[in-house]
Amino acid sequence: MSKSMPLVEGNAYVLGFRQQVEWSALIASAFFFGKVGAGLFMISVVTQSRLGMLLGLLIVVGGKGGAHLLYLGQPWRFWRGMSRPGSSWVSRGLWAMTFMVVMGGWALLLPAGSSLFMPVAVIAALFAFVVAIYDGFLLTSSNAIPIWNTALMPVMCMFYAFLGGTTMTLFLAHFGFIQLAIGERLLSAVEMALLSVNLLIVIMYLATSVTAGAAGKTSFNLLVRGPYAVPFFALAIGVGLVFTLLMTFFAGSDASPGVVALITVADLIGHYYIFYLLLKIGVFKPIFGQLKI
Amino acid sequence: MHYGMVVDLKRCVGCQACTIACKSENGTPPGVMYTKVLDQVSGEYPNVRKQFVPVLCNHCVNAPCQRVCPTGATYKRDDGLVLVDHDKCMGCRACYVACPYNNRIFLKRGRLKQGYHGKVMTPYEAVKYKEHQDGIVEKCKFCSHRVDEGLKPACVQTCPADARIFGDLDDPNSTVSRLIRSRGGVQALSDDNTEPSVYYLS
């Protein structure tokens, strides 16, 4: 029965697969800023860069928080979103963001050399980790959209956050904004490893989506053969992962600032597009997939 | 008490009277439908059939929309009705992506400024739109305001083919319970363990 079901657009009075239309560019922006900001914060705690930590916090508050506020239908009620951490991943994410900002801000206010700095910064980094991965759990918890309902989603969020954080850290270090406590060569190697792992996870994700029933296959087809195939292969995979990996491999840690800037922009473009496209291809299961009329 | 609905697909003629009755009762703005009748064309020429499937909020026992709601705006009454507190909803649409039945509607900001005839509202629209808020998510309420007064939901009251039957699922002698037992009522997407309160008879 599901084979004959059409992909229904808009409010048509037809039974079939329906694409979700509400979570789109702004939610993708919030996810993007959340992961890049939280990733930068976590890596900056490891590299002990206060400027990196501050930028990470600002990206999370301004970018992620701003995108969420722009998206909300009633932005002044955002505080109500903290009411249900027991069952809602949106609530949990909001709490994690709040704790990350409070603890991160506290760590940054401590004087240099304070013995409290590292313990407070590590606690803030733990909350940053939750900020980085909670949207993966948020998407996974939606049984309604099979392409999102996979355990790989939080894993993908985690690795993309680490990748975004590493890229931003390398960018800041190359342009002399921060001094790294660990070698730049080591961080470049980490970047390459993360790019390879992310490429592998995206391939695994696509492979599992084919087995996620008829709606999963419909989403898969939208991504690899349908209207989203060009941005997916060109931007999310080509620019974001393959081009970045090759550039990092050949340029290495001695790359010129221009090349590093290019790698950073390419990585961020790929990062944004992968999650934007994954939101766009969300397709609901047909409600009568198993009911013979 | 657990209110539920039985939809007899053999009786539905696809007239959309329920859709209009719902819009009229709830005064929803253009493009917002708490219920509607979908159709499906099956078979191959010359043996083609058109079938009609009314859809609405399933008022699930294990409602995913309630679970994911971060504000507590979506809540469940003791009689099984899943409702939205308009004053608590912040419009995050987590419920929209969590509802497997795709029966939640987001009222975009400014949507209540225009009626069916543009910016000039009919007196009816002017009164009814006050019951809504833009920037929030709405859905079928099983006409809770009517049910509380002992009336049937507007779609059930209006259906000319008696395709929609409303009643107490907890009462084994109610019409809905007897129909589900005798004709094998099926819940949509029953594998998702949402336990919908809407049953379909085929």
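Is β8(B) largely enclosed by the rest of the structure or exposed, and how many of the residues of β8(B) are buried? In this predicted model, four of the five residues of β8(B) are buried, so the strand is largely enclosed by the rest of the structure.

**Sheet of chain B**

- β8(B) belongs to an open sheet of four strands with mixed pairing, in the order β8-β1-β10-β9.
- The edges of this sheet are β8 (164–168) and β9 (186–187) of chain B, each of which pairs on one side only.
- Strands of a sheet pair through backbone hydrogen bonds, in either the parallel or the antiparallel sense.
- Strand β1 of chain B, residues 3–8, is antiparallel to β8(B), and five bridges connect the two.
- Helix α7 of chain B, residues 175–183, lies across β1, β8 and β10 (198–201) of chain B.
- The direction of α7(B) makes an angle of about 115 degrees with β8(B).

**Sheet of chain A**

- An open sheet of three strands in chain A has the order β1-β2-β3, with mixed pairing.
- Its edge strands are β1 (7–8) and β3 (283–284) of chain A, and each pairs on one side only.
- β1(A) runs parallel to strand β2 of chain A, residues 17–19, and two bridges join them.
- V8(A) has R18(A) as its bridge partner in β2(A).

**Helix pair α6(A) and α8(A)**

- Two packed helices are described by the angle between their axes and the distance between those axes.
- For helix α6 (residues 184–209) and helix α8 (residues 229–251) of chain A, the angle is about 150 degrees and the axes are 10 Å apart.
- An angle over 145 degrees counts as roughly antiparallel, and α6(A) and α8(A) are therefore roughly antiparallel to each other.
- The crossing of α6(A) past α8(A) is left-handed.
- On the α6(A) side, the residues that meet α8(A) are S188(A), E191(A), M192(A), L195(A), S196(A), N198(A), L199(A) and V202(A).
- On the α8(A) side, they are I237(A), L241(A), T244(A), L245(A), T248(A) and F249(A).
- By class, the residues of the contact of α6(A) with α8(A) are eight nonpolar, five polar and one charged.

**G39(A)**

- G39(A) is located in helix α1 of chain A, which covers residues 25–47.
- With 31 other C-beta atoms within 10 Å, G39(A) is buried, as 20 or more are needed for that class.
- Leaving aside residues up to four places away in sequence, G39(A) touches A132(A), A161(A), F162(A), G164(A) and G165(A).
- G73(A) is 34 residues from G39(A) in sequence, and their C-alpha atoms are 28 Å apart in space.

**Contact of chain A with chain B**

- Chain A contributes 36 residues to the contact and chain B contributes 42 residues.
- Helix α3 of chain A, residues 89–109, supplies the largest share of the side of chain A that touches chain B, with three residues.
- That side of chain A divides into 15 nonpolar, 14 polar and seven charged residues.

**Backbone features of chain B**

- Most residues other than glycine have a negative phi, and most peptide bonds are trans.
- The peptide bond between Y45(B) and P46(B) is cis, with omega about 10 degrees.
- P46(B) is in the loop between β2 (36–44) and β3 (47–55) of chain B.
- H59(B), a residue other than glycine, has a positive phi near 40 degrees.
- The loop between β3 and α2 (64–68) of chain B holds H59(B), and this residue is buried, with 27 other C-beta atoms within 10 Å.
- R93(B) is not a glycine, yet its phi is positive, at about 65 degrees.
- R93(B) is found in the loop between β5 (82–84) and α3 (94–98) of chain B.
- R93(B) is buried, with 22 other C-beta atoms within 10 Å.

Notes: Residues are numbered from 1 along each chain as its sequence is written. Chains are lettered from A and ligands numbered from 1 in the order in which they are written. This is a predicted model: local features need pLDDT of at least 70, side-chain atom pairs count only at pLDDT 80 or more; totals for chains, interfaces and linings use all residues. A residue is buried if 20 or more other C-beta atoms lie within 10 Å of its own, exposed if 12 or fewer, and partly exposed in between; C-beta atoms are placed from the backbone. Two residues are in contact if their C-beta atoms, placed from the backbone, lie within 7 Å. Two strands pair if DSSP finds at least two bridges between them. Axes are lines fitted to C-alpha atoms, for helices over the stretch in contact, and angles run from 0 to 180 degrees between N-to-C directions. Angles under 35 degrees count as roughly parallel, over 145 as roughly antiparallel, 65 to 115 as roughly perpendicular and the rest as oblique. A crossing is left-handed if the near helix is turned anticlockwise from the far one by less than a right angle, and right-handed if clockwise. Ala, Val, Leu, Ile, Met, Phe, Trp, Tyr, Cys and Pro count as nonpolar, Asp, Glu, Lys and Arg as charged, and the others, Gly among them, as polar.
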